[in-house]
Amino acid sequence: MKSQIKVKLHRRCILPGLFTISMVTGFCQKKPVTTESPDKKISVEFMVNGDQSVGYKVMFANSMVLENSSLGLVTSDGDFSQGLAVTSVSNTEPVKDIYKTLNAKKSSITYLANKRVFHLANKSGQQLDIIFQVSNDGIGFRYYFPKASGNVTQILSEATTYTLPATATAFLQPMQESKSGWEKTNPAYEEHYKQDVPVGLYNKRGWVYPALFKTKTAWLLITEAGMDGTYCNTRLYNDSLSNIYHISFPDPREVIGITGGGLLPASKLPWYSPWRIITIGGLNTIMESTLGMDLAAPAKKIDPSFVRPGKASWSWINSKDNFIVYDEQKKYIDFAADMHWQYCLVDADWDRKIGYDKIKELADYAATKNVSLLLWYNSAGDWNTVKYTPKNMLLTSELRSREFARLQAMGIKGVKIDFFGGDGQSVIKYYTDILEDAAKYKLLVNFHGATLPRGWARTYPQLMTTEAVRGFEMITFNQADADLEASHCAMLPYARNAFDPMDFTPMNLYKIQTKVQRKTTSAFELALSVLFLSGIQHYAESPEGMIQVPGAVKDFLRQLPNNWDDAKFIDGYPGKLLVMARKSGKKWYVAGINGEAETRQLDLDLAFLKGKKATLISDGAEPLSFKNEMVTIANNGKYQVEIKGAGGFVLLFE
């Protein structure tokens, strides 16, 4: 059998609604072209519509979870959103990808899918391929221009849509207005989620990825991956009361003038677009899937020896700007050493308040304690008005090479780069250029005031984490954010942190050192050390606060793994409850948080741990206290645990 099925370009091939290919006649029949997942639970139907546009719909367990949705692009070379003909369709081919990572919910990952390619031509005969890959946990599709061209092609718009059932509900983070917020630093993906809202809810700037939806039969998590600097990041947009979500390009102001690019995607051909990704299944599928990393580009070839996940002390979250001084940073180095943490982050204005020479002294001192320093940088030239320094040190490859070489010689192990504020193609190119140059000088990277990384942690293993979240710093500023912390944290692992590492900077175990009163319990905060995924976890606790913490809790944190081998979803609902199990080596950690105000009695199914003993750390009777006890999981695998309102627990199975 030939690898492709040829279709005659004949008017009878364009049927209102659906078509397929007859192996015998080559003519079209009124039946969809279906691509199924290996387990056959998910199927994607590709269609040509009456106006010669193309589309798709998605079924899960014989129920429709995405209704007729559109495909296509409009480019500077031609229109690929209508007037299309199918020239051939490939056979279904199996895809297998095995890879390892130190910065995800699993360390060894196998991706299996069925692939089909639809070869199209527009009215001018220009070629476009649409590639579908369907795995047991969802689908990915992308566009490909196969014919080489010496000219640069620009994508003017995407026709891609996602049509949710009208009865679906959504969990969505609003996109921020460009150049709004403090010092014009938005968008930074730092809003609270709208939870369990009708799919027709409207936001004039659209919605960020990942976007979570609930239908009658399944959950869907929509995102994108494969951003290589030739495309802009996108967002979802729907008209008021509409259940149709469009791919939308960034605000025209989301550009920078240092990379040679602009707002819209532009590249020479051949050219692949990013992957459009829809994870589909139960909440267990959403929480255990790695699809957002599976479809990212494989890891760049770098020296892997410097890629070390870990934990960091960080003074700024407690003592803020005025204490980025030598003595305070030395104290936090000692704090990291005492807790067996690998890093200490020195934040903004270190160059003015400490200086390069004294930072070198701190780096040398930290090395004697088996601690490495990370340094903060302002990303920017003229795209924000932030005064913090170092600033303007990373704008070109020449400048970056000079600065990164200096840091490497000083023994610095990583950089935190802040305030990007945009998703245009030129901004994305700036991110990828920084990552490429940082790898040359063996520097780990943390992006703040930043976009969602969209699978970059796989492609660039030195990308340890990215903010792109309304993190704990906002809780230290505002009582309103502190009041919402429990629900907000119980939402994040289902969406923002589902695939990409997240620098929320969690875990304040004692008290916030401002006038803000924390509303979560100490065991809730401890559970975040297991539930939140970040290559380097920057903890929001001070040395003074840790003195108040029981020895058993400190020992738990000293021994907590730096990365995970496996994950299991146990129980939960977005914004209300989460119980996850994570494995490292032979140890399992089970952690839970209650996003609501009322105490809950949980009946957990821990059959994979039946008969095993565990250490339980939960909330004590007094505020800010802990309870530590040994428990055994029954032989039937059932385990009951009480969890206070805004409370939490951790179970450690040796």
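Guide: Let's start with the word that matters here: a residue is buried if its relative accessible area is under 20%, exposed if it is over 50%, and partly exposed in between, using a 1.4 Å probe and the protein chains only. Helices (H or I, at least four residues) and strands (E, at least two) are DSSP runs, numbered from the N terminus. Keep in mind that this is a predicted model, where local features need pLDDT of at least 70, side-chain atom pairs count only at pLDDT 80 or more, and totals for chains, interfaces and linings use all residues. Residues are numbered from 1 along each chain as its sequence is written, and side-chain values use heavy atoms, with hydrogens and water left out.

Now for your helix, α15, which runs over residues 551-559 and has V553, K554, F556 and L557 as its buried residues. Those four span an arc of only 155 degrees around the axis, so they sit on the same side of α15. The arc is that of the directions from the helix axis to the C-beta atoms. The general rule is that an α-helix has 3.6 residues a turn, so residues three or four places apart point the same way.

Step back to the chain that holds this helix: it has 15 helices and 40 strands. Its radius of gyration is 25 Å, close to the 26 Å that the globule rule gives for 654 residues, so the chain is as compact as a globular protein of that length. That radius is taken over C-alpha atoms, and the rule is 2.2 Å times the number of residues to the power 0.38. The C-alpha atoms fill a box of roughly 80 × 60 × 45 Å along the principal axes. Of the 654 residues, 62% are buried.

A contact means heavy atoms within 4.5 Å. Setting aside neighbours within four places in sequence, Q537 touches G310, K311, A312, M502, P506, L528, S529 and F532. F504 is 33 residues from Q537 in sequence, with 8.3 Å between their C-alpha atoms. Across the chain, 70% of the contacts with a separation of 6 or more are between residues 24 or more positions apart.

You'll find K612 in the loop between β36 (600-605) and β37 (613-619). With a relative accessible area of 44%, K612 is partly exposed. Leaving out neighbours within four places, K612 is in contact with V631, T632, I633 and F653. F60, 552 residues away along the chain, has its C-alpha atom 36 Å from that of K612.

Between β17 (169-172) and β18 sits K179, a non-glycine residue whose phi is positive, near 65 degrees. The loop between β17 and β18 also holds E183, another non-glycine residue with positive phi, near 50 degrees. Relative accessibility is 23% for K179, so it counts as partly exposed, and E183 is partly exposed as well, at 26%.

Finally, the cis bonds: Y209 and P210 are joined by a cis peptide with omega about -15 degrees, and P210 is in the loop between β18 (194-198) and β19 (211-214). The bond from T389 to P390 is cis too, with omega near 5 degrees, and P390 lies in the loop between β28 (372-378) and α7 (397-410).
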